[in-house]
Amino acid sequence: IGRHERRATPSGLSCAIADRVDFLNGAHWDELARDASFFMSRDYRRLLETHAPQGMQQRYALVYRDGAPIVALAAQVLEVRGSQLANLPESRVRKNALDRIKTRLLVCGSLVSSGFHGLAFAPDVDADTLWHGVAEALYRIRRADRLHGQIDYVMVKDLDDARSSAAQPLRDFSYRPMQTEAEMAMPIRANWRRFDDYLADLTSNYRSKAKKIVKAVQDAGYRVERNADAGAHDARLHALYGEVESRAGTRLSALPPGYFGALHRLAGPERFRCTLIRNDESIVGFITTVKDGERALGYYVGFDYAVNANVPLYLRLLQTLVEDAIELGCAELSFGRTAMEPKASLGATAHSSHVWLRHRVPAVNALVRGIFERVQPNEAPQRNPFKG
């Protein structure tokens, strides 16, 4: 069967779509999401519904085969302006021109977290059927959403090499893969019981650099406060997060005030950590960690750029992620993307990541393919800070 014919032929799968997760069959969602990401849990989806970035709308689907649920899908619809894709504070004319460019995105996955956080699959169902179900659910959501405006792009985000390979059936529906910035991640060794164990496994040069960072923060009069109450400091955390977010090259969505406190209350100490760098007068930096299965995710960070110019706040905050991952009993730590050099120096290595994208207009899809072939993510540095 050809690709065009396949796209135009009903799959035999059934689909329920909704604007809120509680409008779907909760038992079926839980059955699929039980072993998936924390960000696919109904509790987290409810949190995001009430603490969503401005202009973001949630969309959900359950896909069935012969009455049995096989795919749970979480997505967001967002209108994006060109200025959000290119941070050009020095050029008002260019910013205003970009601001007039608008497009609507349907994104399967999470725009407020990095990772495979938008899909959950039933076990023992072949990849061809599962991804056909994903494509059909996204098509139905896009068609049903026309009352709100035309959706131009559909994206499935944050697939590692194995998942991207399994997602090849999406090609039959005019999706194309694009390699994105690599995820920087590090295994947590079994012998690490505390941060000092991690330091002991570093070569003398890297260990010396790590200790200098710790000392520099202390000598500047700041202390590290781990396992802090994010809710009690939400307003300050949001302000510091805003400093970082405003400098990002791509700014698709900004978290609202209250998000960090709500996440702290929902995830609890067994899944969430918040670390502060502060003195008696103010908090100058923070970072959060989320335990997602066996992985610790370095989540959002914020810091005072003026202070960071003289005190290594960001580097010290990255170090505390290692402490969190050990304390939470995780097997791997994801430092996320960007700032690859300091993360590589901590022991992280690059892991390929992909998004799959399609445009509703076939001619534009052909153009997008040509653009994708020319896009190359930054190459991650390779460092070996460990002994042996």
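**Notes on a predicted model**

1. Arg-223 is partly exposed, at a relative accessible area of 37%. Here buried means under 20%, exposed over 50%, and partly exposed in between (1.4 Å probe, protein chains only). The side chain of Arg-223 forms a salt bridge with that of Asp-280 (3.0 Å, N to O). Arg-223 sits in strand β8 and Asp-280 in the loop between β9 and β10, so the pair ties together parts 57 residues apart in sequence. Asp-280 is exposed, at 64%.

2. This is a predicted model: local features need pLDDT of at least 70, side-chain atom pairs count only at pLDDT 80 or more, and totals for chains, interfaces and linings use all residues. Residues are numbered from 1 along each chain as its sequence is written, and side-chain values use heavy atoms, leaving out hydrogens and water.

3. pLDDT is the predictor's confidence in each residue, from 0 to 100. The chain averages 88. Over residues 82–88 pLDDT stays under 50. Where pLDDT is low, the coordinates should not be read in detail.

4. The count of salt bridges is 25. The rule asks for a side-chain nitrogen of Lys or Arg within 4 Å of a carboxyl oxygen of Asp or Glu. Asp-145 and Arg-59 meet in one of 2.7 Å, N to O. Both residues are buried.

5. Strand β13 pairs in the antiparallel sense with β6, over five bridges. Strand β7 also pairs with β13 in the antiparallel sense, over eight bridges. Two strands pair if DSSP finds at least two bridges between them.

Key. Contact means heavy atoms within 4.5 Å. Helices (H or I, at least four residues) and strands (E, at least two) are DSSP runs, numbered from the N terminus.
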